[in-house]
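Thanks for coming. Please have the sequence and the 3D view open.

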Amino acid sequence: MDDSLRELPERAKEKYIENKKFFAKLKKRPPKNLDYVMQELHDAEFERTDCLECANCCKTTGPLFTNADIERIAKHFRLKPQRFIETYLRLDEENDYVLQEVPCAFLGADNHCAIYDVRPKACREFPHTDRKKFHQISHLTLKNVVICPAAFRIVEEMKKRVGVK
Ligand code: SF4
Ligand code: SF4
């Protein structure tokens, strides 16, 4: 693990109050061009970030699995959905299917995902920084900046670009 990844939880903790205040203000009066700005910030960040050098999301949290995800991935393995669930998943406190353990069983030693083409929707969309109406998922973003260096940097840039009063 490189130093920046090791230091990320501490850096995110230092920014927690500031970020929380920022998102609270943003929610009250989101700028009209927010979707556009977020797409720009997201694209710029992922131009320079190589997820294959990180994979911290796959190593530390893992996604929720929807029914559609389970059906698709089970089919990929030629397994019955129930068998796939028994082998890899468990229900969490909110009754969502999540990985039995992390790092994710499908993560290779080279950080490649063994089920990349059929991976869960939540993996495809993580860290959700190009999501429309980004201010509506601030509770999730406050958690994601602790594990995802790209999300951390995007939020830092966002605070410079998006004025809140
Ligand atoms: S999405 Fe974030 S945490 Fe996941 S591999 Fe990419 S930079 Fe790392
Ligand atoms: S399914 Fe693939 S992308 Fe999703 S957490 Fe596992 S290794 Fe990562």
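This is a predicted model: local features need pLDDT of at least 70, side-chain atom pairs count only at pLDDT 80 or more; totals for chains, interfaces and linings use all residues.

Overall layout. The protein chain has 8 helices and 3 strands. Going along the sequence, the order is α-α-α-β-α-α-β-β-α-α-α. The radius of gyration is 17 Å, close to the 15 Å that the globule rule gives for 165 residues, so the chain is as compact as a globular protein of that length. If you box the C-alpha atoms along the principal axes, you get roughly 55 × 35 × 30 Å. As for burial, 24% of the 165 residues count as buried. And if you take contacts between residues at least 6 apart in sequence, 72% of them join residues at least 24 apart.

Now the sheet. In what order do the strands lie in the sheet? The order is S1-S3-S2, in an open sheet with antiparallel pairing. Strand S1, residues 64–65, and strand S2, residues 89–91, are at the edges. Each has a single partner strand, so one side of each is left without a neighbour in the sheet. As a reminder, strands of a sheet pair through backbone hydrogen bonds, either parallel or antiparallel. S2 and strand S3, residues 97–99, are paired over 3 bridges. If you want a place to look, leucine 91 stands opposite tyrosine 97 in S3.

Between S2 and S3 there is a loop, and asparagine 95 is in it. Asparagine 95 is not a glycine, but its phi is positive, about 65°. Is asparagine 95 buried or exposed? It is exposed, with 6 other C-beta atoms within 10 Å; the cut-off for exposed is 12 or fewer.

Next, the core. The largest nonpolar core has 24 residues, and the ones that touch the most other members are Val145, Cys148, Ala151, Phe152, Ile154 and Val155. The elements that give two or more residues to this core are helix H2 (34–48), H3, helix H5 (81–88), S3, helix H7 (138–147) and H8. Which of these gives the largest share? That is H8, with 6 residues.

Now the ligands, starting with ligand 1. The residues around ligand 1 are Thr49, Cys51, Cys54, Ala55, Asn56, Cys57, Phe126, Pro127, Ile147, Cys148, Pro149 and Ala150. Two elements give two or more residues to this shell: helix H3 (56–60) and helix H8 (149–161). By type, the shell has 10 nonpolar residues, 2 polar and no charged. Cys148, then, is listed around ligand 1 and also among the core residues that touch the most other members.

Cysteine 54 is in the loop between H2 and H3. It is partly exposed, with 19 other C-beta atoms within 10 Å. Leaving out residues up to four places away in sequence, cysteine 54 touches Leu5 and Pro149. Cysteine 54 and leucine 5 are 49 residues apart in sequence, and their C-alpha atoms are 8.1 Å apart.

Alanine 55 is also found in the loop between H2 and H3. Alanine 55 has a positive phi of about 55°, although it is not a glycine. It is partly exposed, with 18 other C-beta atoms within 10 Å.

The peptide bond joining phenylalanine 126 and proline 127 is cis, with omega about 5°. Proline 127 is in the loop between H6 and H7. The bond from valine 102 to proline 103 is cis too, with omega near -5°. Where is proline 103 found? It is in the loop between S3 and helix H6, residues 121–125.

Last, ligand 2. Around it are Cys58, Gly62, Pro63, Cys104, Phe106, Leu107, Cys113, Ile115, Arg119, Pro120 and Cys123. How do these residues divide by type? There are 9 nonpolar, 1 polar and 1 charged.

That is what I have for today.

Key: Residues are numbered from 1 along each chain as its sequence is written. Chains are lettered from A and ligands numbered from 1 in the order in which they are written. A residue is near a molecule or strand if its C-beta atom, placed from the backbone, lies within 6 Å of it. Helices (H or I, at least four residues) and strands (E, at least two) are DSSP runs, numbered from the N terminus. Ala, Val, Leu, Ile, Met, Phe, Trp, Tyr, Cys and Pro count as nonpolar, Asp, Glu, Lys and Arg as charged, and the others, Gly among them, as polar. The radius of gyration is taken over C-alpha atoms; the globule rule is 2.2 Å times the number of residues to the power 0.38. A residue is buried if 20 or more other C-beta atoms lie within 10 Å of its own, exposed if 12 or fewer, and partly exposed in between; C-beta atoms are placed from the backbone. Two residues are in contact if their C-beta atoms, placed from the backbone, lie within 7 Å. Two strands pair if DSSP finds at least two bridges between them. A nonpolar core is a set of buried Ala, Val, Leu, Ile, Met, Phe, Trp, Tyr and Cys residues joined through C-beta atoms within 7 Å.
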